[in-house]
Amino acid sequence: MSAQRTIVIVGAGFSGTLVAANLLKAQHWSATQVVLIERAAKIARGTAYAERSYPYLLNVPAGRMSADPNSPLDFLNFAQHRIPDATAEDFLPRELYGQYLEATLLDAEVSAATHVEFKRVKGVVCGIEPAEQAGYRVVLADGRQFDADDVVLALGNPGPADLPGTDKLGDQYISNPWAGPQTFTAGETVLLVGTGLTMADFAMAASAETKDQITIHAMSRHGLIPPSQTQFSQNTCKVDSGSILRAASFSALTLLRSVRELADDTERRGGDWRETITFIRNIAPQLWQRLPAREKRRLLRHIRPYWDIHRHRLPSQTLARMNHLRRHQKLNVHAGRLLEFELVAGPKVRVTWRPRGSDQPQAMLVDRVVNCTGPDYNIRRSKDPLMHSLLSRGLAVPDPLGLGIRTGAYGALINAQGQAARNLFYVGPMLRADHWEATAAQELRGYAERLASYLSAPVGRMRAVASA
Ligand SMILES: Cc1cc2nc3c(=O)[nH]c(=O)nc-3n(C[C@H](O)[C@H](O)[C@H](O)COP(=O)(O)OP(=O)(O)OC[C@H]3O[C@@H](n4cnc5c(N)ncnc54)[C@H](O)[C@@H]3O)c2cc1C
């Protein structure tokens with residue numbers, strides 16, 4: 001290993017970009033090279049903030065999307081150069097946020113110390129191998145290799161789980177709507193499977209693109225639609241976190257009751273239940289870690305759908321537009337269970353399903369089925385070659401609850417022997433396995449910042465102190 005330290009980051013979406021930016025801004029005690037490897041044409045975009053034909057909106061107001069916790073209006077200030085009348089409460093285009101992340105990285109690169117070198121690499125990483133000495137060898141699909149003292153995996157969300165019975169649907173089935181450009185045709189009928197934020201995105205895009213000349217069915221087991229964001233302030237929900245943490249040590253049900261009581265109390269005192277969700281989000285890792293394993297399972301089975309819709313909310317204009325579409329039967333939301341897909345002449349898809357609470361199956365005929373069920377965090381089912389390689393080498397292990405991969409302090413990967421890696425880290429939504437809340441920019445920027453500051457500490461003494 002050369003005297004220069006090399007940190008390789010795989011994936012330049014939100015998390016990888018922020019780890020790189022924080023590393024470039026940090027003080028390093030020795031010559032350091034930061035290598036950022038991304039397979040997509042554009043850096044700093046990832047799935048969420050990529051350029052798309054439809055101008056998807058952020059689902060969080062601009063004033064809460066800063067990449068820098070010390071400068072909460074950083075994103076808004078950037079946005080105002082392009083949209084002068086933008087306010088902190090506006091839901092701005094996601095593509096603009098991608099430009100902001102790119103500019104954030106560029107600023108950090110320009111301000112980096114001379115002994116810190118930055119390299120951007122375009123390529124697909126297909127394997128990570130332990131190197132002969134310390135560190136790892138990062139292997140790209142085109143044969144290139146990078147030796148690294150530290151590796152950060154920032155691979156993003158896995159694709160959705162395949163819907164059973166869709167393998168015979170051919171072009172009538174879209175298995176991952178974010179994987180490529182989607183176009184909708186006037187006059188068609190589509191079934192969006194899932195009723196969360198991805199469904200809302202595609203319902204908006206489909207109705208705009210066809211000028212409302214489309215019929216959309218959206219289906220999930222509970223048929224729950226996320227509520228809207230509001231301009232709430234965090235003033236009314238005041239509680240001692242100890243009581244909620246104690247509730248989590250008992251059971252998922254006790255925790256649920258405590259959270260409900262807190263939300264009711266907040267509203268009684270003139271506040272907004274969303275304050276309670278923010279409060280819970282902030283202590284979610286501690287809550288999750290306190291819940292007994294059996295109770296975690298219960299929470300996932302019974303409470304998660306309700307938590308998810310209250311936690312991941314819609315911009316108010318999106319909800320208003322969806323309600324308009326619903327009133328005109330352009331968007332039909334169903335609660336039920338899918339039973340069968342059948343390709344019939346047309347070509348069309350006959351979908352057999354059973355409404356929630358009924359034992360009578362029903363059928364509908366649609367032109368296409370779009371899988372909007374969101375990421376499948378059960379990485380045993382992953383089709384990603386890099387994830388396969390990590391699992392087969394025992395460098396990563398799946399979380400037993402199917403929430404991602406096991407990690408330790410600072411996102412250190414837990415290996416098959418149950419030990420935390422010294423030089424191999426993960427940052428991104430699969431941190432949920434150990435921290436529960438790890439989806440939104442607000443949480444991920446914190447994880448990225450803490451990992452970068454750990455990696456920039458002198459190797460050895462300081463790192464040992466930091467992980468203690
Ligand atoms: C559609 C969508 C909208 C969202 N909107 C919001 C929002 O409005 N507000 C909010 O707070 N949060 C939002 N989120 C949540 C959150 O911001 C994202 O999930 C976050 O961007 C995740 O960052 P990431 O870096 O982990 O993954 P990504 O940003 O997806 O980045 C992963 C990157 O890794 C690359 N990569 C993966 N594997 C390899 C490999 N083997 N070799 C090389 N490169 C690789 C990918 O190409 C990708 O660029 C949204 C999420 C999604 C999916």
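Trp307, Asp308, His312, Arg432, Trp436, Glu437 and Thr439 line the largest cavity of this predicted model, in which local features need pLDDT of at least 70, side-chain atom pairs count only at pLDDT 80 or more, and totals for chains, interfaces and linings use all residues. Residues are numbered from 1 along each chain as its sequence is written, and side-chain values use heavy atoms, with hydrogens and water left out. On a 1 Å grid over the protein atoms alone, a cavity is a set of points where a 1.4 Å probe fits but cannot get out, a pocket is an open set with protein on both sides within 12 Å along at least five of seven lines, and lining residues have an atom within 4 Å of a point.

**Cavities**
- The structure holds two cavities of 30 Å³ or more, a volume being the space filled by probe spheres set on grid points joined across faces, edges and corners.
- Four nonpolar and three charged residues, with no polar ones, make up the lining of the second largest cavity (Ala, Val, Leu, Ile, Met, Phe, Trp, Tyr, Cys and Pro count as nonpolar, Asp, Glu, Lys and Arg as charged, and the others, Gly among them, as polar).

**Second largest pocket**
- The second largest pocket has a volume of about 620 Å³.
- Its lining comprises 23 residues, of which Leu256, Val259, Ile303, Tyr306 and Trp307 are the closest to the centre.
- Helix 6 (252-268), helix 7 (273-290) and helix 8 (293-311) each supply at least two lining residues (helices are DSSP runs of H or I, at least four residues, and strands are runs of E, at least two, numbered from the N terminus).
- By class, this lining has 18 nonpolar, three polar and two charged residues.

**Ligand**
- The ligand is surrounded by 31 residues, each with a heavy atom within 4 Å of it; the closest are Ser15, Glu38, Tyr49, Asn59 and Ala441.
- A ligand oxygen atom is 2.8 Å from a polar backbone atom of Ala441.
- The protein covers 92% of the 990 Å² of accessible area that the ligand has on its own (Shrake-Rupley method, 1.4 Å probe).
- Helix 1 (14-25) and helix 12 (441-456) are the elements that give two or more residues to the shell.

**Salt bridges**
- The whole structure has 25 salt bridges (a side-chain nitrogen of Lys or Arg within 4 Å of a carboxyl oxygen of Asp or Glu).
- One of them joins Arg5 and Asp150 at 3.1 Å, N to O.
- Arg5 in strand 1 (residues 5-10) and Asp150 in strand 7 (residues 150-153) are 145 residues apart.

Methods: A polar contact is a pair of N or O atoms within 3.5 Å; within protein, one must be able to donate a hydrogen and the other to accept it, and residues adjacent in sequence count only if both atoms are side-chain atoms.
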